[in-house]
Amino acid sequence: MTAPEMIENRTYDEIAVGETASLSRTLGEREIQLFALASGDVNPAHLDPEFAAGDMFHRIIAHGLWGGGLISAVLGTQLPGPGTIYLDQSLRFVRPVGLGDTITAQVKVSTKDDKHHILTLDCRCTNQDGEDVITGIATVKAPIEKIRRPRAVLPDIQLSGHDGYRRLMDAAAGKSAVPTAIVHPCSAAAIKAVAEAAQAGLILPVLVGPEARILAAAQEAGEDIGAFRIVPAPHSHAAAAAAVELVRGGEARLLMKGSLHTDELMGAVVARETGLRTERRVSHVYLMDVPGHPTPLLITDAAINIAPTLDEKADIIRNAIDLAHVIGISEPRVAILSAVETVNPAIASTLDAAALCKMADRGQISGGVLDGPLAFDNAISAAAAREKGIVSPVAGRAEILVVPSLEAGNMLAKQLTFLGGADAAGIVVGARVPIILTSRADSLRTRLASCAVAVLLAAAGTKAAPGLPA
C-alpha cells in the first residue's frame, strides 16, 4: 500500500527572514469555471468569449482572486503551512491572466515579530514570461507547534456545461415560433411549461381544454396567458381529440402534452380514422446530453412501445435515425442493446438485434450504421469494447441506443438524468407532427429542450412525418 503524501508546516522559530516558497498552476477553462462556481462570480469577462472579445483585454481573463488564491495556497500549505492564521493581505493586479498562462505564486519572508509570532511576507505572482501579474504583502500569525498530516485527497469533480443544450437552443432560435396545440394544460406546472416555451420564442400556444380550469391554473402559476388562444373542450379526452383535429386542419404544427395521461393523448393520436398516423410506428426518443460524454445520446423507446416486435423496432430505429439527421448527425451509429453482445437464442432481444442488422445490410433500414447485440458498456465505451475484442464501427461510439423494452429504456434514461446529471429532451416521432411530452418532474432545461427538438423537426417537414405532407 502506497504511503500517503504528507503536508508539514514550518514553525515560527524555524523560519528565517528571506526564506521563500512557491507553487505554479496553469489557467484553463476548468479553473475559471470552478472558481466561478465556488464564488458565484459570473462576470462575462471570465466566462463569455463573445463579450470578452469586445472588452478591454479582447480575451477571456482569470478572476483576479484566482491568482490571489495561489498566494493563499502557498501560505497555507508551505510557508508557514498548516496552522497559519491570515491577518492581512494587500494585492495589486499588474497584468491580466489569460487562458493557457502558467502562473507562479511566490512568498518571501520580509520581517518577523517575535513577541506575537507574526510574519510579514512579500507576495508575487509571475507568468510564464517572468512578468509580474500580481504583487502584494501578506501578514500572518505563524504556528509555534509542529504539524505533519496526510495531505487531503480532493474529490474528482466533473463539470457539466450543458453545451448540448445550448447548441440545441441556438439551432432552434433560428426558426420561427411554431403553432402548438397544448392538450389539457390544467395544472400550474403545465401552464409554466407553456409560458416558458412561448417566452423563449419556440411555440405559439393554442390551449385546448376546459377554459375555467385553464384560467385557474394560470392564476395559480402566476402566468399571464391573455395572449394565448384557448379552444374550449369539456374534459381531457375531448381536449386530445380537439387538439388532434387542430393539427389535421392545419391550425397547429406541434402537439404538447399538458396535464393528462400519455396514453389518453396517444389514443387520440393513433386513432385509425381521426388521428395522426403515418406509415411509421409512433415511437419516443430521448435526446440526452450526458456530462463527460462527447456526443449526444438518443435513447429509444422509453415511453410509448412497451415490448416492441421486430417490425416495430425497425420503425423505432428509422424514426431515431431521422431525428439524428435533423439535429446534424449525418450517419448515426446505432447500437441495438441487450444484456450481452453475442447472439443467444435464450434472449430474444439478441435475435432481434441480429435480424435488424441484417435488415440494414439489405437496405430495409437506411441512413445509419447498425450493430448489435451490444451490451450498454461496450456500446458507449471504447475501452469496454476492446476488452471484449469487439471490432465494430458502432461499439464504443454509439449515438443511438435502441433498448429491448420500454422498461429498460425508461430506467436507463432516468438513471442518466437523476444519477448522471444528464439533460434530456423527450419527443414522440413517427406521427404527422412531433409530439412534446413533458412531466412535472422535468427541469426548465428539459422542457425547453423538448420544445426545441420539436421545432427543429417541424422545420424539417417530412422528416417528422414520413409519407405525409408537412
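**Figure 1. Arg 148 counts as exposed, with a relative accessibility of 52%.** The model shown here and in the other views is predicted. The salt-bridge partner of Arg 148 is Glu 8, and the closest N and O atoms of the two residues are 3.3 Å apart. Since Glu 8 belongs to strand β1 (residues 6-8) and Arg 148 to strand β7 (residues 148-150), the pair ties together parts that are 140 residues apart in sequence. Glu 8 has a relative accessible area of 38% and is therefore partly exposed.

**Figure 2. A salt bridge links the side chains of Glu 223 and Lys 192.** The N to O separation is 3.8 Å. Glu 223 is located in the loop between α7 (211-221) and β10 (229-232), whereas Lys 192 is part of helix α6 (residues 188-199), so this contact ties together parts that are 31 residues apart in sequence. Lys 192 is partly exposed, at 34% relative accessibility.

**Figure 3. Arg 447 and Glu 196 form a salt bridge.** The closest N and O atoms of this pair are 3.0 Å apart.

**Figure 4. One network of salt bridges joins Glu 8, Glu 14, Lys 146 and Arg 148.** The salt bridges of this network share partners. The pair of Glu 8 and Arg 148 is shown in the view of Figure 1, with its closest N and O atoms 3.3 Å apart. In the whole structure, a search finds 17 salt bridges.

**Figure 5. Five strands make up an open antiparallel sheet.** The strand order is β2-β4-β5-β6-β3. Strands β2 (20-26) and β3 (85-93) are at the edges and have a single partner strand each, so one side of each lacks a neighbour in the sheet. On average, neighbouring strands of this sheet are turned by 20° against each other, direction ignored.

**Figure 6. Strand β3 pairs with strand β6 (residues 132-141), and helix α4 packs on the sheet.** The pairing of β3 and β6 is antiparallel and extends over eight bridges. Within this view, Ser 90 is opposite Ile 137 of β6. Helix α4 (residues 64-77) touches β2, β3, β4 (102-113), β5 (118-126) and β6. The direction of helix α4 makes about 140° with that of β3.

Key: Residues are numbered from 1 along each chain as its sequence is written. This is a predicted model: local features need pLDDT of at least 70, side-chain atom pairs count only at pLDDT 80 or more; totals for chains, interfaces and linings use all residues. Side-chain values use heavy atoms; hydrogens and water are left out. A salt bridge is a side-chain nitrogen of Lys or Arg within 4 Å of a carboxyl oxygen of Asp or Glu. Helices (H or I, at least four residues) and strands (E, at least two) are DSSP runs, numbered from the N terminus. Buried means under 20% relative accessible area, exposed over 50%, partly exposed in between (1.4 Å probe, protein chains only). Two strands pair if DSSP finds at least two bridges between them. Axes are lines fitted to C-alpha atoms, for helices over the stretch in contact, and angles run from 0 to 180 degrees between N-to-C directions. Contact means heavy atoms within 4.5 Å.
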